[in-house]
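Thanks for coming, everyone. I'll take one structure today and walk through it place by place. Let me put it on the screen.

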Amino acid sequence: MRALALGLFLAFAAPVAAPVAAQTLEDPEGTILGQGREDGSESGFRDWVIAFRAKALDQGIPAATYDGAMRGAHYLPDVVARDRRQSEFTKTIWDYLDVAVSDDRVALGRKALAKNADLLDRIEAQYGVEKEIVVAIWGLESAYGTWRGDTPTVSALATLAYDGRRAAFFEGQLLQALQILDAAHVAPEAMLGSWAGAMGHTQFMPSSWADYAVDFDGDGRRDIWGDDPADALASTANYLAKWGWQKGLPWGLEVRLPEGFDYDQTTERVKKPVASWRDLGVRPMAGGALPDGPEASILLPAGHTGPAFLIFPNFQVIEHYNLADAYVIAVGHLADRLQGGAPIAAPWPRHWRALTAEERRELQALLVALGHDTGGVDGRIGPKTIAAVKAWQKAQGLVPDGYPSPDVLQALR
Ligand code: CA
């Protein structure tokens, strides 16, 4: 799918209008990016198109398909600029959720549910994924189909392959896009999407289309691009089902942690049966006792002064769409709201802003200087950096929640 191995690991970073694009291309901690060319141009791009032709034909793309698709392709400098700019761009999770799960998006989601009720019921019955989850992804990825992106996918992918920061990845996506065109699932001029190559109502990358898209309306084409969302929504349900979605289980649940809770246990990596969390005094925010359930983890997406969630295996299924905690919580919470659930109750630490990329690198450098392993000084906050923050907090006698707040940076200085 879109996220693939590329999901953003920043617990607090997220996109605005086009969730896909801003997040998908952020690499996991430790991934080495190529330099990318500094002399990109249309003429250099044309040379690349000629050079890549042999590779494409070798991979089974017919010459006519390659030549036809590439004749209309262009170097898109804006795509390159956005690809490089995005790692500098972060928001706090609360700023992201304000937009991602706004009252408007909830209201429009309820309308989308009503308008497509029959289709969504059939998809839910066939794939075993709650319709509200499918609709929540639809709402986040394309505002329920109203913003599917207008960048020509072949141009975007060829530009990113030519640029070379992740050449192998984008070459593979481009070849897959050409195969889609060759099989006539979509007309070349209608293959549009995000600047990063994600396409259609739920923003599938071409490789995700290949592995998970379905022809739900039975017209012979797996059409995730057109106005009719049937194939795209069924493809999304199929994607989640294939990754192990368990119908009837929550993605997560806002909880209240007891006094004296051991914050070393607040990581997705610590999993316990729900009964064990209940024994430790974890309670649903809404009151009552935790229901029985499978192994779950405690997640504090904004540190110990913000909301706490008990997260279930379905959380990890949504992560296959996009690894960012902010994204997964947005999908899950929007689905809850579409089912009539309450807003997140605990306040966010809104006095904090997101660290800039430069500040994130500084934070990592300071931790490294103290002997911690942050998985690199690259401004990407992944599990190793979070673990390093936790270890540092613990050594300082602070609550080890791992959240890289401006206060943590200030104290490290
Ligand atoms: Ca179809």
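Start at the calcium ion. Its protein donors are Asp 215 (OD), Asp 217 (OD), Asp 219 (OD), Arg 221 (O), Asp 231 (OD) and Asp 231 (OD). They lie 2.2 to 3.1 Å from the ion. Keep in mind that this is a predicted model.

How are the donors spaced along the chain? The pattern reads D-x1-D-x1-D-x1-R-x9-D.

Now the geometry. The six donor atoms subtend angles of 45 to 161° around the calcium ion, so the arrangement is irregular. For six donors to count as octahedral, opposite ones must be over 155 degrees apart and all others between 65 and 115.

Next, a helix pair. Helix α12 spans residues 230–242, and helix α7 spans residues 117–127. Their axes come within 10 Å and cross at roughly 25°. Angles under 35 degrees count as roughly parallel, and α7 and α12 are therefore roughly parallel to each other. The crossing is right-handed. Which residues make the contact? From α7, we have Leu 119, Leu 120, Ile 123 and Tyr 127. From α12, we have Ala 230, Leu 233, Ala 234, Ala 237, Asn 238 and Ala 241.

Compare a second pair. Helix α16 covers residues 357–369, and helix α17 covers residues 383–395. Here the axes come within 11 Å and cross at roughly 55°. That makes α16 and α17 oblique to each other. The handedness of this crossing is left-handed. On the α16 side, the residues are Leu 363, Gln 364 and Leu 367. They meet Thr 385, Ala 388, Val 389 and Trp 392 of α17.

Last stop, a single side chain. Trp 48 sits in helix α2, residues 42–58. Why does Trp 48 count as buried? Its relative accessibility is 12%, and the cut-off for buried is under 20%. What does Trp 48 touch? Leaving aside residues up to four places away in sequence, Trp 48 touches Ala 158, Ala 161, Tyr 162, Glu 171 and Leu 174.

One distance to finish. Trp 48 and Ser 405 are 357 residues apart along the chain. Their C-alpha atoms are separated by 44 Å.

Note on methods
Residues are numbered from 1 along each chain as its sequence is written. This is a predicted model: local features need pLDDT of at least 70, side-chain atom pairs count only at pLDDT 80 or more; totals for chains, interfaces and linings use all residues. Side-chain values use heavy atoms; hydrogens and water are left out. Donors are N, O and S atoms within 2.8 Å of the metal (3.2 Å for Na, K and Ca); water is not among the atoms, so sites may look incomplete. Four donors count as tetrahedral if all angles lie between 85 and 135 degrees; four count as square planar and six as octahedral if opposite donors are over 155 degrees apart and all others between 65 and 115; anything else is irregular. Axes are lines fitted to C-alpha atoms, for helices over the stretch in contact, and angles run from 0 to 180 degrees between N-to-C directions. Helices (H or I, at least four residues) and strands (E, at least two) are DSSP runs, numbered from the N terminus. Angles under 35 degrees count as roughly parallel, over 145 as roughly antiparallel, 65 to 115 as roughly perpendicular and the rest as oblique. A crossing is left-handed if the near helix is turned anticlockwise from the far one by less than a right angle, and right-handed if clockwise. Contact means heavy atoms within 4.5 Å. Buried means under 20% relative accessible area, exposed over 50%, partly exposed in between (1.4 Å probe, protein chains only).
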